[in-house]
Amino acid sequence: MPSSQHADTQRSPFTLRSLRRAVLACSLLAVCASTLAQSFDEEFDDEEKPWQEIAVHLPPTPQAKNLAEFYLSPQATMKAYVDLNSVSIGTDKVVRYTVVTKTEGGAVNVIYEGMRCETWEKKTYAFGHPDGTWSRSRRDKWQPIRDIGVNRIDGALFRDYFCEGKMIADNENLSSILSRLKSQTRLDPVRR
């Protein structure tokens, strides 16, 4: 009997040490699993984050050689152009661009705007002057896009060039959008 008591005494520290290691390993495993689960939940969070607009920088004054005319309507009383060098797609999913309009009487307007395909809205940032300077728009709030009237600038850009449904056209491929503007190839050539 004394030999078996001696064997139990020798096994006790080994078993206790093994138990401690097992508890420590389980604790570490639980901490790692908890961290991974939290990271997974954060990456696949279904809650919508509030939209944040990026800082806007005004483009250079449009040059005639960079203007691409786009179709408004059969009864349009003006010509409308986009300055190809000003078109950009921000990380905030806003297409920004400069529009130049010319009336039959010779009046020219230059406007720097942004368009949100997701919400069907536009925002006017600034107005261009003949001397190449910009003045900030006093109506710098997001406004619904109107696709009515003979001079339907916003609707034409939205439906024909920049947006497909609630997404930026051409999978946000800026060179593809610019190419379509240059060639006056609308997203839906049948629609007038």
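Is Cys 163 buried or exposed? At 4% relative accessibility, Cys 163 counts as buried, where buried means under 20% relative accessible area, exposed over 50% and partly exposed in between (1.4 Å probe, protein chains only). The structure is a predicted model, in which local features need pLDDT of at least 70 and side-chain atom pairs count only at pLDDT 80 or more, while totals for chains, interfaces and linings use all residues. Residues are numbered from 1 along each chain as its sequence is written, and side-chain values use heavy atoms, with hydrogens and water left out.

Cys 163 brings us to the covalent link. Searching the whole structure for disulfides (pairs of cysteine sulfur atoms within 2.5 Å) gives 1. Its partners are Cys 117 and Cys 163, with 2.0 Å between their sulfur atoms. The link is left-handed, with -70° about the S-S bond. It joins distant parts of the chain, 46 residues apart: Cys 117 belongs to the loop between strand 4 and strand 5, and Cys 163 to strand 8 (residues 163-164). Here helices (H or I, at least four residues) and strands (E, at least two) are DSSP runs, numbered from the N terminus. Cys 117 is also buried, its relative accessible area being 2%.

The aromatic side chains come next. Rings of Phe, Tyr and Trp (its six-membered ring) pair if their centres lie within 6.5 Å; planes under 30 degrees apart count as stacked, over 60 as edge-to-face and the rest as tilted. By this rule there are 6 aromatic pairs. One of them, the tilted pair of Tyr 97 and Phe 162, has 5.0 Å from centre to centre and 45° between the planes. This pair spans 65 residues, linking Tyr 97 in strand 3 (residues 94-103) with Phe 162 in helix 2 (residues 153-162). Both Tyr 97 and Phe 162 are buried.

Trp 120 and Phe 158 also form a tilted pair, because their ring centres are 4.0 Å apart and their planes meet at 50°. Trp 120 lies in the loop between strand 4 (108-116) and strand 5 (121-128) and Phe 158 in helix 2, so the pair ties together parts that are 38 residues apart in sequence. Trp 120 is partly exposed at 29% relative accessibility, whereas Phe 158 is buried at 3%. Elsewhere, one aromatic cluster is made up of Tyr 112, Tyr 125 and Trp 134.

Finally, there are charges over rings, a term that requires NZ of Lys or CZ of Arg to be within 6 Å of the ring centre and within 35 degrees of the ring normal. Arg 116 has its charged end over the ring of Trp 51, 3.7 Å from the centre. Lys 102 lies over the face of Tyr 81, at 5.2 Å from the ring centre.
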